[in-house]
Amino acid sequence: MRLPPLGALRAFEVAARLLSLSRAGDELHVTHAAVSHQIRNLEDWFGFPLFRRDGRGIRLTASGQALFDRVSPLFESMADACKIVDAMSGASTLTVGCVPSIAARWLVPNLVEFTERNPQIDIRVVYAKSNEQLNADDLDILITTAEDESRYVVSERLFSRVNKPVCSPNFLAQYGPFESPKQIIAAPLLHDETREGWHDWCEAAGIKDTKALSGPIYQDFNLLATAVLAGHGLALCPINVFRAEISRGDLIVLSDVGINENRGYFILTRDDRTIVADEFVKWFVAIAQEGCLV
């Protein structure tokens, strides 16, 4: 059976339907350049052009139109077939990407509630980077630190990312008090990836001389969390992420001055998300927003 690369054929079908490489990239969650590359591969495979440039846009050649008329219904049929098989199976798989801070403190500890209520859904949880975007091939849901403004992605805010200085009660008793910004930055400080966060906090607190900032830098946020809970120093932490530890008294908020006040955590899905994905989003938004501190 002699077939062209199916990924290239899919990119062609979307670009031909929309007559736009940029919009095709939005639908496929890839770049304009990636769509263009796939179409060039397909044209090389056939040995003739499928599109012509038309001003700033594109139009189909006669061969391209003939190909589109035949393959577009086939992709629709494949989509229908997958829906039927999924419905027959009675089970669904949901892949959730999540940044480590939310995964460790909100998603994983509460996930058993969702799985007990939905035993027919197989959940796969993977770590996501903070700058990751929703990829149609890898993830059904993405929980991250920024909105995704792509055309076919829905971003729902979970809660604020405001960071404030915190420490353990034992550390406060031994090294405190920390009643002023100068007392705070004179204490042993813990840093998340870089010292930039504490520099930003000093600026917000009105402290100009930050040359003396020191202390260990932790590449992973969960390592930082372990260190501050163990009483190794002061850390800038998103207080909504740590609201359980704060409410139990395991961490003490030391100042009203915060940074990242206008930023947030978000849950991302495609606008045509499945019933299963919709069920998960509604559940997690309710969990995440209950008892927010700000």
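Colleague: Which loop holds Pro177?

Modeller: Pro177 sits in the loop between α6 (169–175) and α7 (181–185). Helices (H or I, at least four residues) and strands (E, at least two) are DSSP runs, numbered from the N terminus. This is a predicted model: local features need pLDDT of at least 70, side-chain atom pairs count only at pLDDT 80 or more, and totals for chains, interfaces and linings use all residues. Residues are numbered from 1 along each chain as its sequence is written, and side-chain values use heavy atoms, with hydrogens and water left out.

Colleague: How should I read the backbone there? What is the peptide bond from Gly176 to Pro177, cis or trans?

Modeller: Start with the general rule. Most residues other than glycine have a negative phi, and most peptide bonds are trans. Here, the bond from Gly176 to Pro177 is cis, with omega near 5°.

Colleague: How do I read the packing of α2 and α3? At what angle do their axes cross?

Modeller: Axes are lines fitted to C-alpha atoms, for helices over the stretch in contact, and angles run from 0 to 180 degrees between N-to-C directions. The axes of α2 (residues 21–28) and α3 (residues 32–46) come within 8 Å and cross at roughly 105°. That makes α2 roughly perpendicular to α3.

Colleague: Which residues meet in α2 and α3?

Modeller: Contact means heavy atoms within 4.5 Å. From α2 come Leu21, Ser22, Ala24, Gly25 and Leu28; from α3 come His32, Val35, Ser36 and Ile39. By class, this contact has five nonpolar, four polar and no charged residues. Ala, Val, Leu, Ile, Met, Phe, Trp, Tyr, Cys and Pro count as nonpolar, Asp, Glu, Lys and Arg as charged, and the others, Gly among them, as polar.

Colleague: Why does one face of a helix repeat its spacing?

Modeller: An α-helix has 3.6 residues a turn, so residues three or four places apart point the same way. Now take α9. Its buried residues are Phe221, Asn222, Leu224, Ala225, Ala227 and Val228. Their cover includes α5 (100–117), β4 (121–127) and β10 (234–238).

Colleague: How do α5 and α9 pack? At what angle?

Modeller: The angle is about 55°, with the axes 8 Å apart. The two helices are therefore oblique to each other. Pro100, Ser101, Ala104 and Arg105 in α5 meet Phe221, Asn222, Ala225 and Leu229 in α9. By class, that contact has five nonpolar, two polar and one charged residues.

Colleague: What does a side-chain oxygen of Asp220 reach at the start of α9?

Modeller: A polar contact is a pair of N or O atoms within 3.5 Å; within protein, one must be able to donate a hydrogen and the other to accept it, and residues adjacent in sequence count only if both atoms are side-chain atoms. The Asp220 oxygen comes to within 2.8 Å of the backbone nitrogen of Asn222. Inside α9 (residues 221–229) lies Thr226. The Thr226 side chain reaches the backbone oxygen of Asn222 at 2.9 Å. Thr226 is exposed, at 51% relative accessibility. After α9 comes Gly231, with a positive phi near 85°.

Colleague: Which strand holds Ser160?

Modeller: Ser160 is in β6. It is buried, at 8%. A polar atom of the Ser160 side chain lies 3.0 Å from the backbone nitrogen of Val162.

Colleague: Finally, how far apart are the centres of domain 1 and domain 3?

Modeller: Domain bounds come from an automatic or database domain assignment. It gives domain 1 (6–87), domain 2 (90–160 + 263–291) and domain 3 (163–253). Taken over C-alpha atoms, the centres of domain 1 and domain 3 are 51 Å apart.

Definitions and conventions:
Angles under 35 degrees count as roughly parallel, over 145 as roughly antiparallel, 65 to 115 as roughly perpendicular and the rest as oblique. Buried means under 20% relative accessible area, exposed over 50%, partly exposed in between (1.4 Å probe, protein chains only).
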